[in-house]
Amino acid sequence: MIPKSDRFGIFHHIEERSLAITEQIIEASLKTKIEKRAPLDHARINIEVLKRLIRITNELKIIDDKTYIKLEKTVQEISRMVNGWRKYCAPTSNNTEAQV
């Protein structure tokens, strides 16, 4: 069994990553198409770290399997949306010069 201090510690990290992702997505929404890449790249990194933290909480039996599956599905959907947004913002060979 994990001591309470450790359980709250990992949840603190999950909360920090979740807030960082939210901030980065909002930042990307307020930027031009070209400028969106950097905050979306940072969000991708934080999403991957968040996935690992959630998996760790499940492996340590801090959260049950049902909660883990629900959280994982939500994070996967957010990840798909961010990756789709990044692809939309990616410069193509046809419009690279027009964006610069």
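Begin by selecting K36, which in this predicted model lies in the loop between helix α1 (4-29) and helix α2 (37-59). K36 is buried and yet has no salt bridge, since the nearest side chain of opposite charge, that of E35, is 8.0 Å away. If you then show A28 as well, you will find that the side chain of K36 reaches the backbone oxygen of A28 at 2.7 Å. Leaving aside residues up to four places away in sequence, K36 touches A28, S29, K31, W85 and C89.

Next, select K33 together with Y88, where the charged end of K33 sits over the ring of Y88, 4.3 Å from its centre. A search of the whole structure for aromatic pairs, by contrast, finds zero.

Now turn to the salt bridges, of which a search of the whole structure finds five. Select R86 and D41, which form one of them, with their closest N and O atoms 2.5 Å apart. This pair links distant parts of the chain, because R86 is in helix α3 (residues 65-89) and D41 is in helix α2, 45 residues apart. R86 counts as buried at 12% relative accessibility, whereas D41 is partly exposed at 28%.

Finish in helix α3 with E77 and R80, three residues apart and so separated by about one helical turn, whose side chains meet in a salt bridge (3.0 Å, N to O). Here E77 counts as partly exposed at 35% relative accessibility, while R80 is exposed at 51%.

Notes: Residues numbered from 1 in each chain as written. Predicted model: local features only at pLDDT ≥ 70, side-chain atom pairs only at ≥ 80, totals over all residues. Heavy atoms only, no water. Phe/Tyr/Trp six-rings, centres within 6.5 Å; stacked < 30°, edge-to-face > 60°. Lys NZ or Arg CZ within 6 Å of the ring centre and 35° of its normal. Helix = DSSP H or I, 4+ residues; strand = E, 2+ residues; numbered from the N terminus. Buried < 20%, exposed > 50% of the residue type's maximum accessible area, 1.4 Å probe, protein only. Lys, Arg positive; Asp, Glu negative; His and termini not counted. Salt bridge = Lys/Arg side-chain N within 4 Å of Asp/Glu carboxyl O. Polar contact = N/O pair within 3.5 Å; in protein donor to acceptor, adjacent residues only side chain to side chain. Contact = heavy atoms within 4.5 Å.
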